[in-house]
Amino acid sequence: MTALIVLGAGGTAGEVLDWLPALAAAGTAYECGKKNALIAGHRVLGPLGDAGRWPKARFVDALGGPGSYRRRAEIVGKTGVTDDRFETLVHPLASVSSRAMIGPGCVVYPFAYVAPGARLGRHVTVLSHASIHHETRVGDWSILASHVALAGDVTVGEQCYLGLGSRVIGGARVGDGAMVGMGSVVLRDVPAGAVVGGSPARSLEHGNP
């Protein structure tokens, strides 16, 4: 029996632990990786740095949020766990085309939609009811919150965070490390590292409206 260890102890970890049994064979163990806590009824194993203590385990990436999305690669890198040991989890109630490409370490929540020709990089998190349309590309380590909608041929860079209910028009590009605020409507390219919000989305940095 191979243990399946969830890296993380926040809300995403709790949600993933709640629906993992829908995917698992009987007898698989689910445990989290942060000290002195009980997450969704599952025993914790210790801090993230202890991941190396389980050389035969498989892992789930449930890390990252609005405050840490730009550091996801760094945080996971410190665990020493390589991509070949991460599960790619797609909930059975998600709709993922057989012609979509899903990278290692991705987590796709129930009721998400990934269209033909869409591509998700490594360790992408797609929350419930998000939709990713044809030929859209989402870069490594990015997070799409619930009800995000990406039209066709959108490019989302690496380590981005798209907030709850945000929308991106077809053909637009969201640069690496950018954040799109919840409910925003993106009608033009978003520069790398930018924080934008509103409808239409505008920069929220340096006092700009």
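Biologist: How many aromatic pairs does a search of the whole structure find?
Modeller: In this predicted model, the search finds three aromatic pairs. One of them joins Phe59 and Phe86, with ring centres 6.2 Å apart.

Biologist: Why is the pair of Phe59 and Phe86 called tilted?
Modeller: The planes of the two rings stand at 50 degrees, so the pair is tilted. Planes under 30 degrees apart would count as stacked, and planes over 60 as edge-to-face.

Biologist: Where in the chain do Phe59 and Phe86 lie?
Modeller: Phe59 belongs to strand 5 (residues 58-61). Phe86 is in the loop between helix 2 (72-77) and strand 6 (89-90). The two are 27 residues apart, and the pair links distant parts of the chain.

Biologist: And is Phe59 buried or exposed?
Modeller: Phe59 has 0% relative accessibility and therefore counts as buried. Phe86 is buried as well, with a relative accessible area of 3%.

Biologist: What about the rings of Tyr69 and Tyr161?
Modeller: Their centres are 5.9 Å apart and their planes are at 45 degrees, so this pair is also tilted. Tyr69 sits in the loop between strand 5 and helix 2, while Tyr161 is in strand 18 (residues 161-162), so the pair ties together parts that are 92 residues apart in sequence. Both tyrosines are buried.

Biologist: Changing topic: how many disulfides does a search of the whole structure find?
Modeller: The search finds zero disulfides. Cys106 is buried, at a relative accessible area of 0%, and Cys160 also counts as buried, at 0% relative accessibility.

Biologist: Which way do the residues of strand 1 point?
Modeller: In strand 1 (residues 4-7), Leu4 and Val6 point one way, and Ile5 and Leu7 point the other way. All four are buried.

Biologist: How many bridges pair strand 1 and strand 5?
Modeller: There are four bridges, and the pairing is in the parallel sense. Leu4 has Arg58 of strand 5 as its bridge partner.

Biologist: Is Lys56 buried or exposed?
Modeller: Lys56 counts as exposed, because its relative accessibility is 75%. Lys56 lies in the loop between strand 4 (42-43) and strand 5. The C-alpha atom of Lys56 is 7.8 Å from that of Ala3, although the two residues are 53 residues apart along the chain.

Biologist: What is the order of the open sheet of five strands?
Modeller: The order is 8-11-14-17-20, and the pairing is parallel. Strand 8 (101-102) and strand 20 (173-174) stand at the edges with a single partner strand each, so one side of each has no neighbour in the sheet.

Biologist: How many bridges join strand 8 to strand 11?
Modeller: Two bridges join these parallel strands, and strand 11 covers residues 119-120. Leu120 in strand 11 is the bridge partner of Ile102.

Biologist: Now the backbone. Which residues does a cis peptide bond join?
Modeller: A cis bond joins Ser199 and Pro200, with omega about 0 degrees. Pro200 is placed in the loop between strand 23 (195-197) and strand 24 (202-203). As background, most peptide bonds are trans.

Biologist: What is the phi of His123?
Modeller: Phi of His123 is near 55 degrees, a positive value in a residue other than glycine. His123 lies in the loop between strand 11 and strand 12 (125-126), and at 0% relative accessibility His123 counts as buried.

Biologist: And what phi does Asp153 have?
Modeller: Asp153 has a positive phi of about 60 degrees although it is not a glycine. Asp153 is in the loop between strand 16 (149-150) and strand 17 (155-156) and is partly exposed, with a relative accessible area of 37%.

Note on methods
Residues are numbered from 1 along each chain as its sequence is written. This is a predicted model: local features need pLDDT of at least 70, side-chain atom pairs count only at pLDDT 80 or more; totals for chains, interfaces and linings use all residues. Side-chain values use heavy atoms; hydrogens and water are left out. Rings of Phe, Tyr and Trp (its six-membered ring) pair if their centres lie within 6.5 Å; planes under 30 degrees apart count as stacked, over 60 as edge-to-face and the rest as tilted. Buried means under 20% relative accessible area, exposed over 50%, partly exposed in between (1.4 Å probe, protein chains only). A disulfide is a pair of cysteine sulfur atoms within 2.5 Å. Two strands pair if DSSP finds at least two bridges between them.
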